Amino acid sequence: MKNIFYLLPIVFAVLVACNNNPQPNQSEPAPEPAPEPVIVDSTHTTAIANKKPIIWTMEIEPNGIIMFGNKAISIINLQKTLVDSLKACYTQKVTLPDTMVYTTKGEVLMGIRGSVQDAITQSLAEAAKVR
């Protein structure tokens, strides 16, 4: 029984020591975080800081037809149509989109969604070459 009375203060002291959170030294100022690095290239500009991104959207139907604006496009002609649209915007000095996204209407198979994403990626890459 005496052993319990000897161990109780030791256990209590260990628990109190574990619960104490170290306080930061108030005499030292907190270090400021490093600024984010800026990669400067030919497309970098600070003139338009809060410009809304331009997004083109398209809708994929379950039968594989893509509605792009008011045009119905087959999956085979999608990349050519996107590249032509991007080049037309570039030649007419219209602002090119920042990104293209698609939505699905109903159940669309994974292969069709992958083909659409590939067409979007490749057409944006080709449009970047024209810039």
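Here is a short walk through the structure above, from its overall layout to a few individual residues.

This is a predicted model, in which local features need pLDDT of at least 70 and side-chain atom pairs count only at pLDDT 80 or more, while totals for chains, interfaces and linings use all residues. Residues are numbered from 1 along each chain as its sequence is written, and side-chain values use heavy atoms, with hydrogens and water left out.

Let's start with the fold. The chain has 3 helices and 4 strands, taken as DSSP runs (helices H or I, at least four residues; strands E, at least two) and numbered from the N terminus. Read from the N terminus, the order is α-β-β-β-α-β-α. Of the 131 residues, 18% are buried (under 20% relative accessible area, with exposed meaning over 50% and partly exposed in between; 1.4 Å probe, protein chains only). Contacts (heavy atoms within 4.5 Å) with a separation of 6 or more are made to 62% by residues 24 or more positions apart.

How do H2 and H3 meet? Their axes, which are lines fitted to C-alpha atoms over the stretch in contact, with angles running from 0 to 180 degrees between N-to-C directions, come within 9 Å and cross at roughly 30°. H2 is therefore roughly parallel to H3 (angles under 35 degrees count as such). On the H2 side, the residues making the contact include Leu78, Leu82, Leu86 and Tyr90, and on the H3 side they include Val116, Ala119, Ile120 and Ser123.

Two residues make a friendly contrast to finish. Ser85 is found in helix H2 and is buried, with a relative accessible area of 15%. Leaving out neighbours within four places in sequence, Ser85 is in contact with Trp56, Phe68 and Lys71. Ile76, in the loop between strand S3 (71-73) and H2, is exposed, with a relative accessible area of 75%. The C-alpha atoms of Ile76 and Gly64 are separated by 9.7 Å, and these residues are 12 residues apart along the chain.

How values were computed
Parallel < 35°, antiparallel > 145°, perpendicular 65-115°, else oblique.
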